[in-house]
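Hi,

Here's the structure I promised to pass on. Have a look first, and my notes follow below.

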Amino acid sequence: MKDSHFGYVRRESGRNSAETPFGWYNTPTQRTIRIRLTPAPAQAETLAETLQHFTSAFTQAVKIGWEARVSNATTLHYLAYYPVKSAHPTLVSDLINQARVKAAEALRSAFALQKQGRKVSRPVSDACPPRYNQHTYRVDWASQTVRMSTTSGRQTIRFNVPSYHAHYAGYPVATADLINRRSVWWLHVVVTVPAPEVERTDEVVGVDLGIAQPAVTSNNRFLGKPAWKAIEGRLFYLKRQLQRKGSKSAKRHLRKVRGKQARFRRDCDHVLSKQIVQAASPGATIVLENLTDIRTRSKIKKKTRTSRRIHAWSFAQLKSFIAYKAEERGCTVAGVDPRHTSQTCSCCGHVARNNRRSRGRFVCRVCGFELHADLNAARNIAAKYHASGGRSPAGGSLSTDQSYPSDSSE
Ligand SMILES: [Zn+2]
């Protein structure tokens with residue numbers, strides 16, 4: 001089953017905690033976590049029917065709004081509520097309302113595109129995810145069950161929380177979307193996470209992202225697993241083989257491998273970001289290189305610098321994972337210019353191309369200082385942040401990055 005959102009973006013208000021003049025963090029944040037439903041066979045049928053009816057209610061509301069040229073949610077409510085409700089008697093009023101709210105959002109973006117002179121047809125959806133709220137569902141974290149409205153009344157359905165989301169279990173929930181992906185039922189639940197009250201400290205932790213060692217911090221932590229490189233390499237090789245083959249079965253296999261790769265990368269990024277953030281004390285500043293800058297700066301640099309990182313694949317994802325985990329720990333994330341971080345001596349500051357870097361060791365030509373090359377780079381990254389007066393350069397802040405990505409690999 002396909003689900004389309006047509007540019008419909010889920011708002012996660014309060015994503016980025018604001019810093020008060022006192023350097024305290026106290027804004028609660030919202031995260032979307034996925035919980036996997038394990039319905040009994042009859043319940044699964046009911047969920048499928050609910051999804052189908054919700055989609056039909058959505059489509060009807062869109063039609064009404066499209067014809068009347070209405071995208072205002074309240075006006076659409078007056079026009080659409082009774083016709084939609086009478087056509088879908090098994091959907092509770094609140095689900096009818098949510099279908100209408102989603103219809104209004106879809107119409108709004110369609111009309112906005114039309115205003116720009118683009119050719120737009122009436123929004124359609126094969127599977128519009130039912131939106132639940134405090135009136136239509138209740139999560140019981142202790143028994144791992146959710147009680148939710150369906151076309152067959154309220155059902156109590158069991159669920160599992162993926163381990164990387166386990167620490168969110170127990171927080172108050174806001175809305176949730178019911179999603180079916182390859183016959184698996186998921187609830188994408190928005191949870192409200194209380195922000196830690198942490199005073200900002202002077203501690204600065206520089207992080208170098210490498211290949212052999214996925215990450216090294218300036219306080220001497222070697223993080224991630226060196227084995228990731230080989231696994232990623234195998235998947236990459238397998239993908240290329242399948243792409244060359246191009247047969248029908250190869251394409252099917254390729255799709256599977258892609259999903260596997262995305263899941264593998266996401267898991268690595270979860271593990272690595274957690275370790276990075278835990279390497280810093282609450283209130284500290286975590287400093288990364290601004291890797292996006294590299295790509296725009298020069299092609300040669302991109303080759304030499306980015307290619308030696310395993311995490312070049314997913315810097316955006318890793319960055320956003322670090323950003324939200326840091327926020328929860330009361331840490332700030334900053335970015336620095338990546339130039340020369342691997343060529344500078346972290347002891348005397350001498351910068352030279354020919355500062356030797358062999359078998360992972362950095363050796364300074366001037367003072368003879370010798371250190372693990374990635375650790376030397378991590379220390380330079382921390383030093384750069386200090387040198388900038390504790391402010392990250394323009395565009396360097398990573399903490400205001402995109403919201404938590406809901407993946408498309410499942
Ligand atoms: Zn030196």
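Let's start with helix α1: its 28 residues reach 41 Å from first C-alpha to last, close to the 40 Å expected at 1.5 Å a residue (the expected span being 1.5 Å times one less than the number of residues). Helices here are DSSP runs of H or I with at least four residues, strands are runs of E with at least two, and both are numbered from the N terminus.

Two quick caveats. This is a predicted model, where local features need pLDDT of at least 70 and side-chain atom pairs count only at pLDDT 80 or more, while totals for chains, interfaces and linings use all residues. Residues are numbered from 1 along each chain as its sequence is written.

Back to the helices: the axes of α1 (residues 41-68) and α2 (residues 73-87) come within 9 Å and cross at roughly 140° (axes are lines fitted to C-alpha atoms over the stretch in contact, with angles from 0 to 180 degrees between N-to-C directions). On the α1 side, A57, Q60, A61, I64, G65 and A68 meet L76, L79, A80, P83, V84 and A87 of α2 (contact means backbone-placed C-beta atoms within 7 Å). By class, that's 10 nonpolar, 2 polar and no charged residues, with Gly counted as polar.

Then there's strand β12 (residues 332-336): 5 of its 5 residues are buried, so it is largely enclosed by the rest of the structure (buried means 20 or more other C-beta atoms within 10 Å of the residue's own, placed from the backbone). T332, A334 and V336 cover one side, V333 and G335 the other.

Cheers

Technical notes. Two residues are in contact if their C-beta atoms, placed from the backbone, lie within 7 Å. A residue is buried if 20 or more other C-beta atoms lie within 10 Å of its own, exposed if 12 or fewer, and partly exposed in between; C-beta atoms are placed from the backbone.
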